[in-house]
Amino acid sequence: MNTLKRIDPRRPFTITAEGLKRITLGMTADLAGSLDPMGAAPGTVHREQVKMRRTTAAPQRVLLVAAHADRGALDDHARQVLAGAALIADALTEVVLLVFGEFTGDAAALGADKLIELPMFDRRRFAPLDELNALAACVAAYAPAHIFLPDNATGDGDLGRRYAAAARASVATHVVEIDTAHVASYVRANTAFAVRALPDVVLLAPNTVEPKLPFVGAGERVVWRFDGASAGAGVSGGENTVRDLGIEEIDAAQLALEEADFIVSAGNGVSDVPAFERLATTLGAAIGASRVAVDDGKFTRDKQIGATGKTVEASVYIAFGISGAVQHLQGIKDCRHVIAVNLDASAPIAKRANLTVIADARETIAALNEAAAAARNARGTGAALLNSSAVAEGALA
Ligand SMILES: Cc1cc2nc3c(=O)[nH]c(=O)nc-3n(C[C@H](O)[C@H](O)[C@H](O)COP(=O)(O)OP(=O)(O)OC[C@H]3O[C@@H](n4cnc5c(N)ncnc54)[C@H](O)[C@@H]3O)c2cc1C
């Protein structure tokens, strides 16, 4: 069980005169509400906006969204697909979300009216035919008008195509435009735009839909038992000839920065480069750097992140001693959680960061290295303490 203490993303905060977000530690949302935003409290007290339910009518039609979870959450692409389905659903249509893997997120906030979680599936396990059977069984149970999946290379795109082929369903892939009646994709090496009526299976390209919704879904959790053998009527995935050879872990340092999910990055404020590199190894994170750190010869040019370096999309990006110049921020615009460690609370990176630690980079890196060594000794294993961004991300979720 995950016993990590999670930070409430809706915890109260105030905005300082410089426009910086300051978390009000130890204060509950209720207490924050009692502060008078018109006068008594410094700055503006954040209140959660209450969103209306999209529909409360009895459903007559279903749109099904299927996606794999990543460490208990849906990634941005999957959220966009779910939002797309919710946006084109009318008042008599319910949006059912089928999640492969454990899901601990807020399905209602993402626009789902019903949530079916299949925790026995895991993105790290390759079981395409079992997943096909599960999807087919869900389709048989709910008879959705359309099925939506993210068109990605991490399982959902494959599952959608596999289902469409097995069920002889109509399908549109790489969809970049969608409304209630039609979908569209670029074809012929992006020289033409193909438009068609909404097919049975819609595979949406990333960034087609804005995932922030003005409403919420009902978010009802459905207990649905899938026994592994109950394939949907008329859909056969064929013999299970797939053998899962497992996932080969590679050294994070060998990973292309563009593909890294967890990056620690050093700027001009990092003086102890060997300690920084040791931390990256311990955390299982890839190494990035600002242009100044690269120009200084501390890191090779391929580590530079920013306008004239690499653009990265990590779930967690920790910036040690980086000011956050506009050219650097350009390279991290798609990162999910940014943590900054900086002596200067007014550095531009603090505005971009989800969490800013006002501290010396050298001391923080040393403390993290020590904490990692202590945790490793306590566990009595030689394994890396944090082998992925999961822990850092868990702390921020
Ligand atoms: C055309 C052009 C393209 C560019 N492209 C890029 C690019 O691709 N990538 C890029 O990064 N930059 C790029 N730059 C450079 C960019 O403008 C900044 O100069 C650079 O990003 C600054 O790097 P830095 O934040 O590491 O250094 P600095 O600006 O020197 O900032 C260092 C930061 O570390 C903090 N600090 C200092 N000591 C400590 C300590 N002991 N502990 C904690 N914090 C400390 C400081 O408060 C400061 O915020 C480009 C510039 C131009 C003009």
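## The chain as a whole

The chain has an accessible surface of about 20,400 Å², and 53% of that belongs to carbon and sulfur atoms. Accessible areas here come from the Shrake-Rupley method with a 1.4 Å probe, and for residues only the protein chains shown count as cover. This is a predicted model, in which local features need pLDDT of at least 70 and side-chain atom pairs count only at pLDDT 80 or more, while totals for chains, interfaces and linings use all residues. Residues are numbered from 1 along each chain as its sequence is written, and side-chain values use heavy atoms, with hydrogens and water left out.

You will find 10 helices and 18 strands in the chain. Both are DSSP runs numbered from the N terminus: helices are H or I with at least four residues, strands are E with at least two. Of the 397 residues, 43% count as buried, meaning under 20% relative accessible area (1.4 Å probe, protein chains only). Among contacts with a separation of 6 or more, 62% come from residues 24 or more positions apart; a contact means heavy atoms within 4.5 Å.

## A closer look at helix α3

Helix α3 covers residues 128–142, and its end C-alpha atoms are 21 Å apart, which agrees with the 21 Å that its 15 residues should span at 1.5 Å a residue. The expected span is 1.5 Å times one less than the number of residues. Just after α3, A143 takes a positive phi of about 45°.

How many of the 15 residues of α3 are buried? The count is 12, so the helix is mostly covered. Among them are L129, L132, L135 and V139. The buried residues of α3 pack against β4 (61–68), β5 (93–100), β6 (114–118), β7 (146–150), α4 (156–167) and β13 (220–222).

## Around the ligand

The ligand has 25 residues around it, and S290, T308, S323, N342 and D360 come nearest. A residue is near if one of its heavy atoms lies within 4 Å. By class, this shell has nine nonpolar, 13 polar and three charged residues. Helices α6 (291–295) and α7 (326–331) each supply at least two residues of the shell.

For S290, a polar side-chain atom lies 2.6 Å from one; for Q327, a side-chain N or O atom is 2.8 Å away; and for G321, a backbone N or O atom lies at 3.0 Å. Taken alone, the ligand exposes 990 Å², and the protein buries 71% of that.

Definitions and conventions
A polar contact is a pair of N or O atoms within 3.5 Å; within protein, one must be able to donate a hydrogen and the other to accept it, and residues adjacent in sequence count only if both atoms are side-chain atoms. Ala, Val, Leu, Ile, Met, Phe, Trp, Tyr, Cys and Pro count as nonpolar, Asp, Glu, Lys and Arg as charged, and the others, Gly among them, as polar. Buried means under 20% relative accessible area, exposed over 50%, partly exposed in between (1.4 Å probe, protein chains only).
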